Amino acid sequence: MAIQVRIPSVLRRQTNGDESVALEGQTLSDILDGLEDRYAGLKGKLRGPEGDLRRFVNIYINDNDVRLLSGPTTPVSDGDEVTIIPAVAGG
Amino acid sequence: MGFVLGMKCRECGAHLPVAPRAICEECFGPLEIVYDYDAISRRVDRDALVARGRSMWRYRELLPAGDETILGAEVGFTPLVRADRLATRLGAREVYVKNDAVNFPTLSFKDRVVSVALTKAREFGMTTVGCASTGNLANSVAAQGTRHGFETAILVPEDLEPAKILGTTVYGARLFGIRGDYDQVNRLCSQIADRFGWGIVNVNLRPFYGEGSKTVGYEIAEQLGWRTPAHVVCCMAGGSLITKIAKAFQELQTLGWIGAHPVRFHGAQAAGCNPIVTAVKDGSGEIRPVKARTIARSLAIGNPADGYYAARVIRDSGGAAEDVTDTEIVEGIRLLAETEGIFAETAGGVTIAVARKLIQQGIIPRHDPIVLVVTGNGLKTTEALAATAAAYPVIDPRLDQFEQAVATMATGSRPMAAATPTTIRPLSPSSGPSVVGVVPAAARPSH
């Protein structure tokens with residue numbers, strides 16, 4: 001089993017229309033590295049030059065916002081689902 | 001189309017044509033509307049505008065919709081109340097309340113943003129509109145969506161205040177209660193907007209929707225006689241409103257309709273959900289999401305999308321951010337009600353209580369003009385007051401009992417605020433016990 005990554009429509013131009021992709025890794029950083037390796041166009045979209053998550057990108061591991069966990073260093077394990085969602089709010 | 005030149009990314013500056021989208025494909029930054037202010041100032045001036053109908057749409061050239069048909073032409077232009085009795089209690093000299101608790105049709109400032117979003121949804125040819133909401137937005141999308149013939153899909157945390165649930169379903173709107181907090185509801189709504197071609201007002205219609213909030217700022221300036229106050233205190237959930245009031249003042253300056261006087265913007269949150277306040281206070285300006293826990297449900301957004309910009313508006317204007325406890329929120333609601341006869345919801349209590357705190361701390365000088373923004377109506381959040389509800393006497397329809405009750409209330413230290421029943425001695429033993437009693441409102445059937 002691997003880690004399933006869900007990609008929002010706003011990024012699917014870079015992923016050739018792929019809505020999700022299975023990747024392997026120990027941490028969220030590994031997953032994002034794998035994502036950028038597979039889709040070169042994603043480089044710089046999700047993370048800044050220092051590897052920090054971009055301000056308007058929300059990433060969830062299963063149900064949890066990674067900013068409430070350990071950010072890019074958050075560990076991931078087989079069967080986890082990583083969801084990328086642009087920041088929108090206001091209710 | 002009108003005076004809109006297009007859309008622009010707030011982060012990387014990329015320009016895009018107008019479309020139902022909120023996110024820059026290059027950098028994920030939020031998109032905003034670009035206007036041709038020169039053309040606007042040639043088309044309309046203050047005098048022409050004042051002659052128009054008293055609704056938010058009198059500022060239509062500064063809104064990104066409505067070239068053909070306006071949906072919700074009656075929305076807005078709520079009272080700006082000179083609040084002298086409140087000012088006295090706050091120890092300030094000149095205080096105004098912008099009272100969106102009486103907005104049309106659903107008693108919150110969300111009626112403004114929904115009017116713009118639905119007008120735009122119709123222009124885009126959308127037939128279904130929806131939202132993720134903490135309640136007020138749900139009410140407004142339900143009411144206005146139904147009235148204007150849209151299908152609706154409204155998502156809220158399933159444990160919202162009953163009045164906000166009822167105030168959605170009564171219109172026949174399609175409501176989904178989600179087992180989760182607002183941030184989880186919002187996340188699901190983003191995925192729904194991605195999957196279905198619907199107009200989710202605070203997701204893919206967000207750049208248009210948000211512009212509706214500017215009308216709060218236009219109205220404040222016009223109602224003050226085309227000037228700005230020295231201070232604005234505004235509650236913050238997603239953080240958009242405070243930035244849009246600032247933008248409104250900026251635009252009026254650009255048009256030459258008001259002078260360029262500095263306004264300090266102060267942001268108000270509940271202590272149980274204060275990510276924007278924290279970002280201002282720690283100096284970072286960066287939002288760290290929190291798990292919300294407060295009676296101010298309409299402000300319970302732990303991951304505010306516009307928090308970064310709200311913190312920046314506060315900092316750049318020389319304002320402050322402050323939070324208040326649930327107890328202080330209730331005190332704020334009561335203070336506004338008891339001084340000005342305005343019953344605000346919990347979010348309004350946050351604004352009042354934070355204003356009191358900032359004045360006490362000397363951050364807002366007592367002699368400066370202050371506008372307090374009240375965004376929603378207290379009748380939707382009565383639960384928050386249940387524990388402190390005022391007591392009142394219950395008597396038989398007899399004049400002597402009335403006289404007795406009045407006398408008792410006059411002698412008590414503050415009988416109407418008594419939390420426990422105060423029984424008045426019966427006039428005669430044969431009248432039985434507790435003929436005249438003071439019953440706390442909370443102990444009585446509420447409807």
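**Note on a predicted two-chain model**

1. Helix α15 of chain B, residues 399-411, has 13 residues, which at 1.5 Å a residue should span 18 Å; the end C-alpha atoms of the helix are 19 Å apart, in agreement with that expectation. The helix is hardly covered, since a residue needs 20 or more other C-beta atoms within 10 Å to count as buried, and the count of buried residues among the 13 of α15(B) is 0. The model under review is a predicted one.

2. The overall dimensions of chain B may be considered next. For 447 residues, a compact globule would have a radius of gyration near 22 Å, and the value for chain B is 23 Å, which agrees. Along the principal axes, the C-alpha atoms of chain B fill a box of roughly 85 × 50 × 45 Å. Chain B contains 15 helices and 16 strands. Of its 447 residues, 53% count as buried. Among contacts in chain B with a separation of 6 or more, 68% are between residues 24 or more positions apart.

3. The largest nonpolar core comprises 148 residues. The members that touch the most other members are A117(B), V201(B), C234(B), L299(B), V350(B) and L372(B). Helix α14 of chain B, residues 346-360, supplies the largest share of this core, namely 8 residues. In general, nonpolar side chains tend to be buried together in soluble globular proteins. What is L372(B) in contact with, leaving aside its neighbours within four places in sequence? The contacts of L372(B) are V95(B), V97(B), V233(B), T351(B), I352(B) and A355(B).

4. Strand β10 of chain B, residues 231-235, is mostly covered, with 5 of its 5 residues buried. In a regular strand, side chains alternate between the two faces of the sheet. Both faces of β10(B) are covered: H231(B), V233(B) and C235(B) are buried on one side, and V232(B) and C234(B) are buried on the other. C234(B) is also one of the core residues that touch the most other members.

5. Two pairings of β10(B) deserve mention. With strand β13 of chain B, residues 369-374, β10(B) pairs in the parallel sense over 4 bridges, and H231(B) stands opposite I370(B) of β13(B). With strand β11 of chain B, residues 264-270, β10(B) again pairs in the parallel sense, over 5 bridges. In that pairing, H266(B) of β11(B) is the bridge partner of V233(B).

6. An open sheet of 3 strands, with antiparallel pairing, is formed in chain B in the order β2-β1-β3. Because β2 (15-16) and β3 (31-35) of chain B stand at the edges with a single partner strand each, one side of each is left without a neighbour in the sheet. Strand β1 of chain B, residues 4-9, is joined to β2(B) by 2 bridges and runs antiparallel to it. K8(B) has H15(B) of β2(B) as its bridge partner.

7. F28(B), in the loop between β2 and β3, has phi near 70°, a positive value in a residue other than glycine. F28(B) counts as buried because it has 24 C-beta neighbours inside 10 Å. The loop between β5 (94-99) and α4 (110-123) of chain B holds P105(B), and the peptide bond from F104(B) to P105(B) is cis, with omega near 5°. L107(B) lies in the loop between β5 and α4 of chain B. Its phi is near 65°, again positive in a residue other than glycine. With 24 C-beta neighbours inside 10 Å, L107(B) counts as buried.

8. The interface involves 29 residues of chain B in contact with 21 residues of chain A. On the side of chain B that touches chain A, helix α7 of chain B (residues 182-195) contributes the largest share, 5 residues. The residues on this side of chain B divide into 14 nonpolar, 9 polar and 6 charged.

9. P8(A) is a point of contact between the chains. P8(A) is found in the loop between β1 (3-6) and β2 (20-23) of chain A. Is P8(A) buried or exposed? P8(A) counts as buried, because 20 C-beta neighbours lie inside 10 Å. Leaving aside neighbours within four places in sequence, P8(A) is in contact with I84(A), I85(A) and P86(A), and also with D194(B). P8(A) and G71(A) are 63 residues apart along the chain, and their C-alpha atoms are separated by 19 Å.

Definitions and conventions: Residues are numbered from 1 along each chain as its sequence is written. Chains are lettered from A and ligands numbered from 1 in the order in which they are written. This is a predicted model: local features need pLDDT of at least 70, side-chain atom pairs count only at pLDDT 80 or more; totals for chains, interfaces and linings use all residues. A residue is buried if 20 or more other C-beta atoms lie within 10 Å of its own, exposed if 12 or fewer, and partly exposed in between; C-beta atoms are placed from the backbone. Two residues are in contact if their C-beta atoms, placed from the backbone, lie within 7 Å. Ala, Val, Leu, Ile, Met, Phe, Trp, Tyr, Cys and Pro count as nonpolar, Asp, Glu, Lys and Arg as charged, and the others, Gly among them, as polar. A nonpolar core is a set of buried Ala, Val, Leu, Ile, Met, Phe, Trp, Tyr and Cys residues joined through C-beta atoms within 7 Å. Two strands pair if DSSP finds at least two bridges between them. The expected span of a helix is 1.5 Å times one less than its number of residues. The radius of gyration is taken over C-alpha atoms; the globule rule is 2.2 Å times the number of residues to the power 0.38.
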